[in-house]
Amino acid sequence: MIRSVVRGFGSALPKRAMTNREMEQVVDTSDDWIMQRTGIRQRYIAGEGETTASLGEQAARAALTNAGLTANDIDLIIVATSTPDNTFPATAVNIQNRLGMHHGFAFDVQAVCSGFVYAVTTADAYIRGGIAKRALIIGAETFSRILDWTDRTTCVLFGDGAGALILEAGEGTGASTDRGVLTASLRSDGAHKDKLYVDGGPSTTGTVGVLHMAGREVFKHAVGMITDVIQATFDAAGVKADDLDWLVPHQANRRIIDGSAKKLGIAPEKVVVTVDLHGNTSAASIPLALAVAAGDGRIKKGDLVMLEAMGGGFTWGAVLLRW
C-alpha cells in the first residue's frame, strides 16, 4: 500500500523576538503572570515586509533544501493559515509562484490552530489516492496582525512564524511499523464558535477584525477533546501510548500540553515543547516544533510521532506517523 512518508522539514521566524519584559511595556501584565499561566517566555512578531506568504516561502525553501529537492519535484502545496496575505487568491498559490513552480496545484486550508493537522491529513489522502506524489505542507501565520493589543488576556499568547513538511509516496505493508502517516482523526463542533473567533470578515463587516477568546472555556474543553482524539488515533492504529516516541502538540499553553500528556500516560520527556520560544503560532506551531525537534536530532527516522491540535470552531484532530 502507499504511505505518505516524511522527506523533509523546515521553518522560518520573523526577525523580531518580543520577550515578556517587552510585553510589560505594551499592556498591564508581567513576565511572572504570563509564565505561570502559559509557559510563554517570548514570541516572534512580523515586521514590515514580513507576511504569511514570505514566511511560508522561507519555510518551504528550508524544507526543500533539507529534502534535497526543488520546487519542480513537488506536485501539491497546501498552506494551513487563518491569516492569508489576501482574501483571495490562496496564500498557497502565492507561495507556489514565489517558488517558481508553475505545475501541480495549490490551495489553503482554514481550521485555525488545527490547520496543519487537517492539511497533513488532506495531503495524505491525495498521495494515497495517487493524485499527487509529493506534497509540500506549510503552516504559516501572522497572528500579530489580528490581535487586540489592548487585551492582555490574548495579545500575550500569540506569535508569528511558519513551518513546512514534505511528504512523498512510499511503499508500505499496512502495518504500524511502516514509515509515513499511519492514521488520523479529525473533529469539529461549530457550537463552540463564540468561544474563540475573529469579529470580522469580508461577508459581514468588510474588515479583518480582531481575535476574541473565552480563555477559561477553551481551557475547560481542550484537554478532554485532545485526549479523546489522540486515543481514537491510537485505537485506529492498534498502538498504545507506551509505543509512542514523541508527542508533538499544538503549542498553545503549557498547562494544556502537560495536562493532556498526563491524562494519556505519556511521559514528559516524550513531549516536544516549544511554546516558551514561539508562543501560540496557530497553524504554524506543530511544524515549527517538528523542525526544532527533528533539527536537534530528537526525532529520528523510524520514531513513532503523534501530532495533535485544537483550534477555533472548535476544530481538533490528531495524526500518527512514523518518521
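This is a predicted model: local features need pLDDT of at least 70, side-chain atom pairs count only at pLDDT 80 or more; totals for chains, interfaces and linings use all residues.
1. Helix H3, which covers residues 52-67, packs with helix H4, residues 91-98, at an angle of about 55°, and their axes are 9 Å apart. That angle makes H3 oblique to H4, and the crossing of the two helices is right-handed.

2. On the H3 side of this packing, the residues that meet H4 are Thr52, Ala53, Ser54, Gly56, Glu57 and Arg61, while H4 contributes Thr91, Asn94, Ile95 and Arg98. Sorted by class, the contact of H3 with H4 has 5 polar and 3 charged residues, along with 2 nonpolar ones.

3. The largest pocket holds about 940 Å³ of space. It is lined by 35 residues, and those that lie nearest its centre are Ser82, Thr83, Pro84, Gln110 and Val208. Strand S5 (105-109) and strand S9 (196-198) are the elements that give two or more residues to this lining, and the largest share, 3 residues, comes from S9. By class, the lining of the largest pocket has 16 polar, 15 nonpolar and 4 charged residues.

4. The second largest pocket has a volume of about 660 Å³, and of the 28 residues that line it, Leu157, Met213, Gly215, Phe219 and Asn253 are the closest to its centre. At least two residues of this lining are supplied by each of helix H2 (31-38), helix H6 (215-237), helix H7 (254-264) and strand S12 (304-311), with the largest share, 6 residues, coming from H6. By class, the lining of the second largest pocket has 16 nonpolar, 8 polar and 4 charged residues.

Conventions. Residues are numbered from 1 along each chain as its sequence is written. Side-chain values use heavy atoms; hydrogens and water are left out. Axes are lines fitted to C-alpha atoms, for helices over the stretch in contact, and angles run from 0 to 180 degrees between N-to-C directions. Helices (H or I, at least four residues) and strands (E, at least two) are DSSP runs, numbered from the N terminus. Angles under 35 degrees count as roughly parallel, over 145 as roughly antiparallel, 65 to 115 as roughly perpendicular and the rest as oblique. A crossing is left-handed if the near helix is turned anticlockwise from the far one by less than a right angle, and right-handed if clockwise. Contact means heavy atoms within 4.5 Å. Ala, Val, Leu, Ile, Met, Phe, Trp, Tyr, Cys and Pro count as nonpolar, Asp, Glu, Lys and Arg as charged, and the others, Gly among them, as polar. On a 1 Å grid over the protein atoms alone, a cavity is a set of points where a 1.4 Å probe fits but cannot get out, and a pocket is an open set with protein on both sides within 12 Å along at least five of seven lines; lining residues have an atom within 4 Å of a point. Grid points are joined across faces, edges and corners, and a volume is the space filled by probe spheres set on the points.
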